Amino acid sequence: MYKKQMSLQRIVCLLSIIASAVVFIYSLGMMTDLFDMLYNMIPDPEDLDTARVAGARIYYDMQGFNRTLLRGSIGLILLSCLLYLTNTHVRRKYYVGNYVATGLNVAANCFVAFWAHGQIAYYKDWFLNNVDFAQLERRLSRVGTYTDSTFWFDIHIAVFALTLIVSLLLILNVIWKIKVMGDEKRLLQAGKAVSA
């Protein structure tokens, strides 16, 4: 049982880094379709009211959120590295640093997932209700970059579900680790009692 727990420990720490990297990649790719469609629809970024297509300003309105999400994803990667820095992936017995590293990872993953979900749901709704897709299609049909796809808005559910699953696994790993450490302590005490 101890070896199984140690194996899970290694896997969960690796999954934490992978999930953080997926959030990072998502934050880089999220604006791709919007850039292709809407960047040229506003000739003067200083005056968003000069848009050639109604609702094109969403590309500029989302820049602050996207920048914050990118920074948050870098923070998630660094916190995942903290698991390795504290040897959470290989330590036989957990100490305060291991619990702190795990708790910070879980808290940050949950915060970023729920915060980003709320923001992305808001921007998706705004995109669907305010962009004039008929006018946009007329302008972009010659160039071939038109799409009304909400793929990048929708895929966030899978991206952040992964971070929440990793958080759950981190919590389960700590619970299992506490149980294994308790069992090991009882066995050591029983061994001392027999030898005395």
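These points concern aromatic contacts in a predicted model.

1. Basis. In this predicted model, local features need pLDDT of at least 70 and side-chain atom pairs count only at pLDDT 80 or more, while totals for chains, interfaces and linings use all residues. Residues are numbered from 1 along each chain as its sequence is written, and side-chain values use heavy atoms, with hydrogens and water left out.

2. Ring pairs. The whole structure contains 14 aromatic pairs. Rings of Phe, Tyr and Trp (its six-membered ring) pair if their centres lie within 6.5 Å; planes under 30 degrees apart are stacked, over 60 edge-to-face, and the rest tilted.

3. Phe65 and Trp115. This pair is tilted, with 5.2 Å between centres and 50° between planes. Phe65 belongs to helix 4 (residues 63-85) and Trp115 to helix 5 (residues 96-130), so the contact ties together parts 50 residues apart in sequence. Helices are DSSP runs of H or I, at least four residues, numbered from the N terminus. Phe65 is buried at 6% relative accessibility, whereas Trp115 is partly exposed at 27%. Buried means under 20% relative accessible area, exposed over 50%, and partly exposed in between (1.4 Å probe, protein chains only).

4. Phe127 and Phe133. The ring centres are 5.2 Å apart and the planes stand at 80°, so this pair is edge-to-face. Phe127 is buried at 0% relative accessibility, and Phe133 is buried at 17%.

5. Cluster. Tyr26, Phe151, Trp152 and Phe160 are linked into a cluster by ring pairs.

6. Charge over a ring. Lys177 lies over the face of Tyr94, 5.1 Å from the ring centre. The criterion is NZ of Lys or CZ of Arg within 6 Å of the ring centre and within 35 degrees of the ring normal.

Terms used: Helices (H or I, at least four residues) and strands (E, at least two) are DSSP runs, numbered from the N terminus.
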